Amino acid sequence: MHSFKLAAAALVLAAPLAPLAGDDHAENKSDPALFTGADLFNLTVATDPQISPDGRKIAYVRRANDIMTDSAVTSIWLIDIASGFETPLVTGTGTHFSPRWSPDGARLAYVSTESGGGPELHVRWMDSGASANITALPESPGGISWSADGSQIAFSARVPGEAATLGSAPAKPEGAEWKSPPSITERVTYRIDGGGYLKPGFTQIFVVSAKGGAPRQLTSGDRHHGGALEWSPDGKTILISGNRDDDWELSGVDSEIYAIDPASGEISALTDRDGPDYAPQVSPDGQQIAYLGFDDRSMAYQQSELYLMNRDGSGKRRIAAGFDRSFDSLEWTESGLYAGFEDEGVYRVARVSSSGKVDPLNARIADPGYSRPYVGGQWSVADRGELAFTSGSATRPTDVSVLAGRDARRLTALNETWLSGKTLGRTIELDVTAEDGTKIPSWITLPPNYEPGTRVPLVLEIHGGPYAAYGAHFSTDYQLYGSAGYATLFTNPGGSTGYGHAFADRIEGNYPISNHDELMAAVDAAIAAGYADPDNLFVTGGSGGGILTAWIVGQTDRFAAAASNKPVINWTSMALMSDGYAFFGKYWMKGQPWERPDDYWRRSPLAAAANIKTPTLVLVAAEDYRTPRSEAEQLYGALQVLGVDTALLVTPGGSHGDLTMSPSQLATKTDSVIKWFDKYRSGDSNE
């Protein structure tokens, strides 16, 4: 599953984006052709491309970084596919996102704060350009889905609940000003990364007239109802996914697909196995339902499989059983059933027949995230099969492209003008083989103006997850490392997704131990190929990559310096402090800390802390609840006690994901890693 991908005095680092005094490498940073931290404010990326049912237009979300507010701003734009002409639809003050076409393509629903309050559901009439606020909600609606006749819109939203109580304060005198009372929770999940400490309440399903008016709540109670909402063509059913069992909070990955009768509110389960069932899509004739899921075997990684069932839940059968990839998204239109999946460092979409034949489309899809080169992407399909998707390359962040026929065509060039004036590092594949003969997919991004035959300082940058993957995609971190004279080595070691179940299972029950030798083989290959200076090796990574960084410096002294970002250092504390504590012990560690204490310690980087000699910077966001701040602080404390050169960098307001940081914070974080490495970088070995 991909559900969880993972005050002591601190050294004062040099100011962000400025060279250290006496830095021999600082002269490179004055070259205006090199990529700098300030360039993060120039980035604009395309996200959420939604193609109209007739395949003629695409509405998408632009995300840009505002240097005056130090934040991302979003707007919704419209592309005419035939001409490529773009028109701004929803811009200006506020946040605008989630464009969704009506079935006839005459209207566009979207979420916006343009009315001056919180995020609300709006509808735009495309012919006239008029728009109306359809709902007034206390919190943002999600899962927007039109009924087939275009008369109603279903959505999910949190309904506030009553807070738990226990004790009470004495009577307050008139006019007194008292502090806020203590809070109490009885929920298993009481905080979540990116959402903080949760307010009382549950996500429920609503329907509202597409012309506006008061919404009607369809679900209720102390359960969450949500996921992707899907109407049946006759408008008599809305499909959702969730868990309505009594033990739902501790049931791991289990979920079912439910059918809601919007007239009566009656809910019936269509699936009932032990394992997740989700992402329902109804066939155009309304007779079948495609969905994703698997039989839960309590493994750390389990591939999602593709199923069909009849509308009433009968006749369940798996299709494409011989296709060794994990499907993660579906769409069913008049042109067929389409499924998205990771595949060897890229994201793809395939048309899947009812017999299970998988026909990948000629589209290289890219993820709108830009700090590191993760595999992913966003896409939608028109009734006749035209595919809109986010595209990119190793030197460009995401644009919007369309596939109509055999060849894809890029429709936007959001960063071409300014990036064409930059000299960017080139990314090439590197041949790496593990000791057992397994190929370890690897790439290296060379510094700009790299001279063939020369050796340069090398940063081994390790992806998180660990069940995720990198590919030859755009990365601001790597370009910043390159501008400072570093090559960046990145790999997909065992556990990475998109290479089949067996490859992901290479770390089952032993993560992070078995990845060490694979990563060292990649470093050895970079040295053997003549790119890396063996006297100037550095290592960093975030989340799973932070874990592996902390593990590596406890096993070897070959790296001049390290930067461990949002690591796990002690699996016992992680398993009970993370927002996924109901998941990690059961699935990743095969039991709770009191049941398997020796194995928890065996796999904890803290167990080898006494071996660490490598100067190590420790980084974490203040509100990271996935790999909690306390993990990073344990590593920092251990290094201080051991007398190892260290510093602790904490980013205020951020959570686990890189893009929860502001652009200036992200630039500062990366520049701090560079300054840390510069501090321990030796002279040029080519001289």
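Reply: Let's begin with the helix contact and then move on to the strands.

This is a predicted model, so local features need pLDDT of at least 70 and side-chain atom pairs count only at pLDDT 80 or more, while totals for chains, interfaces and linings use all residues. Residues are numbered from 1 along each chain as its sequence is written, and side-chain values use heavy atoms, with hydrogens and water left out.

Helices (H or I, at least four residues) and strands (E, at least two) are DSSP runs, numbered from the N terminus. Find helix α4 at residues 515-528 and helix α5 at residues 544-553: their axes come within 10 Å and cross at roughly 85°. An axis here is a line fitted to C-alpha atoms, for helices over the stretch in contact, and angles run from 0 to 180 degrees between N-to-C directions. Angles under 35 degrees count as roughly parallel, over 145 as roughly antiparallel, 65 to 115 as roughly perpendicular and the rest as oblique. That is why α4 and α5 are called roughly perpendicular to each other.

Which residues of α4 and α5 make the contact? From α4 come N515, H516, L519 and M520, and from α5 come L548, W551 and I552; contact means heavy atoms within 4.5 Å. Five of the residues in this contact are nonpolar, two are polar and no charged residue takes part. In this scheme Ala, Val, Leu, Ile, Met, Phe, Trp, Tyr, Cys and Pro count as nonpolar, Asp, Glu, Lys and Arg as charged, and the others, Gly among them, as polar.

Now zoom in on H516, which sits in helix α4. Is H516 buried or exposed? With 13% relative accessibility, H516 counts as buried, because buried means under 20% relative accessible area, exposed over 50%, and partly exposed in between (1.4 Å probe, protein chains only). Leaving aside neighbours within four places in sequence, H516 is in contact with W551, I552, Q555 and T556. The side chains of H516 and D517 are also joined by a polar contact of 3.1 Å. A polar contact is a pair of N or O atoms within 3.5 Å; within protein, one must be able to donate a hydrogen and the other to accept it, and residues adjacent in sequence count only if both atoms are side-chain atoms.

Next, the strands. Two strands pair if DSSP finds at least two bridges between them. Strand β7 (residues 120-125) has five of its six residues buried, so β7 is largely enclosed by the rest of the structure. Strand β6 (residues 107-112) pairs with β7 in the antiparallel sense over six bridges, and L108 has R124 of β7 as its bridge partner. The hairpin of β7 and β8 has five residues between the strands, and G129 takes a positive phi near 80° in it.

Finally, look at an open sheet of four strands. Its order is β15-β16-β17-β18, with antiparallel pairing. The edge strands, β15 (225-231) and β18 (267-269), each pair on one side only. Neighbouring strands of this sheet are turned by 30° against each other on average, direction ignored. Four bridges link β15 to strand β16 (residues 238-242), and E230 has L239 in β16 as its bridge partner.
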